[in-house]
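Trainee: Please take one part of this model and go through it closely. I would like to see how its pieces meet.

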Amino acid sequence: MPGYNLFQNTGDNNIPMQMQHSIHILVADDHTDFRKCLVKLLGFMPEITRISEAANGREAVDQLARELHDVVLLDAHMPVLDGLQATRQIKAQWPQTKVILLSVDPYFRAEALASGADRFLAKDQIVPNLLALLTTLTSTAAMPLSALLS
């Protein structure tokens, strides 16, 4: 299933961004309140047309087996299957899917990237980064999302 590559610019700026791309995101975190908050923030981005949720890494991998997503936001520390193990499985089966590993521990970055994650983000940086991204998106319709996340 072809999808929008969050990390690559298509170069077609003549079409409004929300018409250009359809981004499908899966959010996996065992803390329900945090997961719901993140889903709500992502829901304000018009190019994100589908947001799915999982409570652990096993659920995330199972959902991807049923329906591919462009990006997976994974908590590093979850029961059943943690984010590192889930990342390895996701990248082995669906290498085109982008994985952003999340952790409360900013020093977890090296392990996250070694597991195959495309990006690492400390949880205390999610809200400021998403809010800045949302602000930029609302004021710069022609700028591709890939440029904002580089």
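Mentor: A polar contact here is a pair of N or O atoms within 3.5 Å, where one must be able to donate a hydrogen and the other to accept it. Keep in mind that this is a predicted model. Start with Arg50, which sits in strand E2, residues 48-54. Its side chain makes such a contact with the side chain of His24, at 2.8 Å. The side chain of Arg50 also reaches the backbone oxygen of Leu68, at 2.9 Å.

Now turn to the helices. Two packed helices are described by the angle between their axes and the distance between the axes. Helix H3 covers residues 57-66, and helix H4 covers residues 83-93. They pack at an angle of about 15°, and their axes are 9 Å apart. An angle under 35 degrees counts as roughly parallel, so H3 and H4 are roughly parallel to each other. The crossing of H3 past H4 is right-handed. Which residues meet there? From H3 come Gly57, Arg58, Val61 and Leu64; from H4 come Ala86, Gln89, Ile90 and Gln93. Four residues of this contact are nonpolar, three are polar and one is charged.

Stay with H4 and find Thr87, which belongs to that helix. Is Thr87 buried or exposed? Its relative accessible area is 0%, and buried means under 20%, so Thr87 is buried. The side chain of Thr87 reaches the backbone oxygen of Gly83 at 2.7 Å. Leaving aside neighbours within four places in sequence, Thr87 is in contact with Leu74, Val99, Leu101, Ser115, Gly116 and Ala117.

Key
Residues are numbered from 1 along each chain as its sequence is written. This is a predicted model: local features need pLDDT of at least 70, side-chain atom pairs count only at pLDDT 80 or more; totals for chains, interfaces and linings use all residues. Side-chain values use heavy atoms; hydrogens and water are left out. Axes are lines fitted to C-alpha atoms, for helices over the stretch in contact, and angles run from 0 to 180 degrees between N-to-C directions. Helices (H or I, at least four residues) and strands (E, at least two) are DSSP runs, numbered from the N terminus. Angles under 35 degrees count as roughly parallel, over 145 as roughly antiparallel, 65 to 115 as roughly perpendicular and the rest as oblique. A crossing is left-handed if the near helix is turned anticlockwise from the far one by less than a right angle, and right-handed if clockwise. Contact means heavy atoms within 4.5 Å. Ala, Val, Leu, Ile, Met, Phe, Trp, Tyr, Cys and Pro count as nonpolar, Asp, Glu, Lys and Arg as charged, and the others, Gly among them, as polar. Buried means under 20% relative accessible area, exposed over 50%, partly exposed in between (1.4 Å probe, protein chains only).
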